[in-house]
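The following account is intended to be read alongside the sequence and the coordinates. It moves from the overall architecture to a helix pair and then to individual residues.

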Amino acid sequence: MSALSDAIGHAVLAEAGVADKTSLTTEDHIALIAASARTEDEVRGILRRAVLSARAAGASWATIGAELGMSRQAAQQRFGHLAEAQDDDDSERWLGPVSVFNEMGELELAGREGWHTIGAGASAHRMVRSDTRWDHRRSVWRPLRAAERAEGWELGCSAFPWVYFVRDTGIPVSETPRDRALTGRLPDSAPVYADLRMASDDRSLSRRGGADAGS
């Protein structure tokens with residue numbers, strides 16, 4: 001048994017709720033079947049995401065097929081429609097390949113363009129796009145805190161042992177920080193500061209005028 005097989009087996013037992021049992025009832029075996037079926041669906045999803053990420057990174061269908069033990073044509077027939085659907089949908093994309101070391105930087109860049117994660121898998125994030133910028137935050141597996149919810153954070157997705165939170169900033173994608181500063185409401189003290197600066201400029205001009213007149 002490989003390490004991967006052993007890890008999956010333990011995950012299935014835990015999912016079925018029988019990991020600590022020394023004997024199994026008929027109901028436990030049924031629970032194992034259900035858990036195994038859910039695991040199969042998850043693994044298929046991981047494979048689909050891995051293929052899409054590989055295609056997005058420039059891998060050929062021949063290379064992908066070789067890794068799957070099938071021909072280029074068979075790989076394209078099996079997964080090609082997913083890649084085409086991804087290309088046709090401008091509001092949804094896969095971000096990848098990424099690693100635990102660089103994904104937050106990539107998510108930050110994508111967030112500036114209006115993308116935020118709604119799913120994470122093998123070295124990729126499923127992203128959807130809106131007209132506003134998004135913040136991303138990663139944490140070790142835990143629920144969203146009340147203080148974070150009050151700040152506008154929400155659950156984006158989870159991929160054990162990580163959980164990803166997202167927040168809509170409300171800033172339009174097309175708006176630069178300078179645009180926001182120029183279009184935002186000035187603080188109440190701004191006119192006073194402007195008046196003081198103008199008065200100071202007037203005094204400077206007066207002194208300069210006097211100096212010029214005396215020269």
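The model is a predicted one. Its secondary structure comprises 8 helices and 6 strands. Read from the N terminus, the elements follow the order α-α-α-α-β-α-β-β-β-α-β-β-α-α. The protein has 215 residues, of which 26% count as buried. When contacts between residues at least 6 apart in sequence are considered, 49% of them join residues at least 24 apart.

The helix pair to be examined consists of α1, spanning residues 3-16, and α2, spanning residues 26-56. Their axes come within 8 Å and cross at roughly 125°. The handedness of the crossing of α1 and α2 is right-handed. On the α1 side, the contact is made by Ile 8, Val 12, Leu 13, Glu 15 and Ala 16. The α2 side contributes Ala 31, Leu 32, Ala 35, Ser 36, Arg 38 and Thr 39. By residue class, the contact of α1 with α2 divides into 7 nonpolar, 2 polar and 2 charged residues.

Attention now turns to strand β4, which covers residues 132-140. Thr 132 belongs to this strand. Is Thr 132 buried or exposed? Its relative accessibility is 16%, and since buried means under 20%, Thr 132 counts as buried. Not counting residues up to four places away in sequence, Thr 132 touches Gly 114, Asp 168, Gly 170, Ile 171, Pro 172 and Val 173.

Arg 137 also lies in strand β4. With a relative accessibility of 30%, Arg 137 counts as partly exposed, because that category runs between the limits of 20% for buried and 50% for exposed. Which residues does Arg 137 contact, leaving aside its neighbours within four places in sequence? They are Met 104, Glu 148, Trp 153, Val 163, Tyr 164 and Phe 165. With one of these, Glu 148, the side chain of Arg 137 forms a polar contact of 3.1 Å. A further reference point is Glu 108, which is 29 residues from Arg 137 along the chain. The C-alpha atoms of Arg 137 and Glu 108 are separated by 9.1 Å.

How values were computed:
Residues are numbered from 1 along each chain as its sequence is written. This is a predicted model: local features need pLDDT of at least 70, side-chain atom pairs count only at pLDDT 80 or more; totals for chains, interfaces and linings use all residues. Side-chain values use heavy atoms; hydrogens and water are left out. Helices (H or I, at least four residues) and strands (E, at least two) are DSSP runs, numbered from the N terminus. Buried means under 20% relative accessible area, exposed over 50%, partly exposed in between (1.4 Å probe, protein chains only). Contact means heavy atoms within 4.5 Å. A polar contact is a pair of N or O atoms within 3.5 Å; within protein, one must be able to donate a hydrogen and the other to accept it, and residues adjacent in sequence count only if both atoms are side-chain atoms. Axes are lines fitted to C-alpha atoms, for helices over the stretch in contact, and angles run from 0 to 180 degrees between N-to-C directions. A crossing is left-handed if the near helix is turned anticlockwise from the far one by less than a right angle, and right-handed if clockwise. Ala, Val, Leu, Ile, Met, Phe, Trp, Tyr, Cys and Pro count as nonpolar, Asp, Glu, Lys and Arg as charged, and the others, Gly among them, as polar.
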